[in-house]
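Here is a friendly walk through one protein model, from its sheet to its domains and ligands. Please keep the sequence and the 3D view open as you read.

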Amino acid sequence: MEYLGIKPNKPKVAVFDFSGCEGCELQLVNKEDTLIDFLSAIDLRGWREASSVINDDYDIALIEGSITRDDEIKRLEKIRSHAKVLVALGSCACFGGVNQMKNVFDLKKANQEVYGDKPKETAKVKAVKDVVKVDLEIPGCPISKAEVESIIRHLAWGMPFSYPVYPVCVECKQRFTTCMFEKGLMCLGPITMAGCNAPCPAGGLGCWGCRGPAKDPNYESFFAIARERGFSTAEVNERLNFFGGFQEVNAK
Ligand code: SF4
Ligand code: SF4
Ligand code: SF4
């Protein structure tokens, strides 16, 4: 494939899964209409969910899942030492995702309660950037395949990629979706980074912020609107804490 007579680089890519549901990887293999083009644009060096190829010679490592055991730390450090570019793929990898909710519990006690005298190895959930240097984060639970394809195309052509600077509300309005606040539902769209095309409000759910904060979010205005619409501080904070992307923020 050439564009304007220029041959793109075919980046050597490997995909790795850590603690997560593998839904982000599934997004990549699920969209069959573009799967062949996607695989043709890269030189696949490893991807357990989709291929039997195993090769330690890769440039880009896509990391799915959060880190929650010692062996995962060692494995991740090894991958980092091989990769030129390490990408955190999905909200688990970027912020700990839904898994980081366990961090508020006493893990020893929870382990005993669930597994009795056969405890499982577990530790507080970490995002990938808490363990190794991350070059690029692609948030979302799950990721948007169209966005990942666009990012891989940019990498293959050596072009910089930038995320939308506006929040989910902009894409929501572009779809002519009735605002969830008008229906009595809470929505983190005003403070969440766009790029997903607002599927949750379009499907009748408020946004849960799986992509993390938009650029320069106006938290105070958002908290004021949520209060005005009758949502308690606890409800706002529960939603902010769901995927881990808003860890530094809490309504008061
Ligand atoms: S980000 Fe969501 S879809 Fe992706 S691995 Fe984590 S839980 Fe699964
Ligand atoms: S539904 Fe959510 S994302 Fe859509 S306009 Fe309302 S607040 Fe914004
Ligand atoms: S609307 Fe919100 S929760 Fe839904 S995919 Fe987009 S960022 Fe994630």
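Strand 1 (residues 12-17) runs parallel to its partner, strand 2, and the two are joined over four bridges. Within this pairing, Val 13 has Leu 44 of strand 2 as its bridge partner. Strands here are DSSP runs of E with at least two residues, helices are runs of H or I with at least four, and both are numbered from the N terminus. Two strands count as paired if DSSP finds at least two bridges between them.

A word on the model itself: it is predicted, so local features need pLDDT of at least 70 and side-chain atom pairs count only at pLDDT 80 or more, while totals for chains, interfaces and linings use all residues. Residues are numbered from 1 along each chain as its sequence is written, and chains are lettered from A and ligands numbered from 1 in the order in which they are written.

The pair belongs to an open sheet of five strands, ordered 2-1-3-4-5 with parallel pairing. Strand 2 (43-47) and strand 5 (136-138) each have a single partner strand, so one side of each is left without a neighbour in the sheet. On average, neighbouring strands are turned by 20° against each other, direction ignored (axes are lines fitted to C-alpha atoms, and angles run from 0 to 180 degrees between N-to-C directions).

Now to the domains. The assignment, whose bounds come from an automatic or database source, gives domain 1 (12-156) and domain 2 (168-240). Their C-alpha centres lie 26 Å apart. Eight residues of domain 1 are in contact with five of domain 2, contact meaning C-beta atoms, placed from the backbone, within 7 Å. On the domain 1 side, helix 4 (residues 91-95) gives the largest share, three residues. That side divides into four nonpolar, three polar and one charged residue.

Which residues surround the two ligands?

| Ligand | Residues around it | Closest residues |
|---|---|---|
| Ligand 1 | 14 residues | Gly 20, Gly 23, Gly 90, Cys 92, Cys 141 |
| Ligand 2 | 14 residues | Cys 169, Cys 172, Cys 179, Cys 187, Gly 189 |

Around ligand 1, helix 1 (23-30) and helix 4 each supply at least two residues, and the shell divides into six nonpolar, six polar and two charged. For ligand 2, helix 7 (residues 168-174) gives the most, with four residues; this shell has 11 nonpolar, two polar and one charged. In these counts, Ala, Val, Leu, Ile, Met, Phe, Trp, Tyr, Cys and Pro are nonpolar, Asp, Glu, Lys and Arg are charged, and the others, Gly among them, are polar.

Key
Contact = placed C-beta atoms within 7 Å. Near = placed C-beta within 6 Å.
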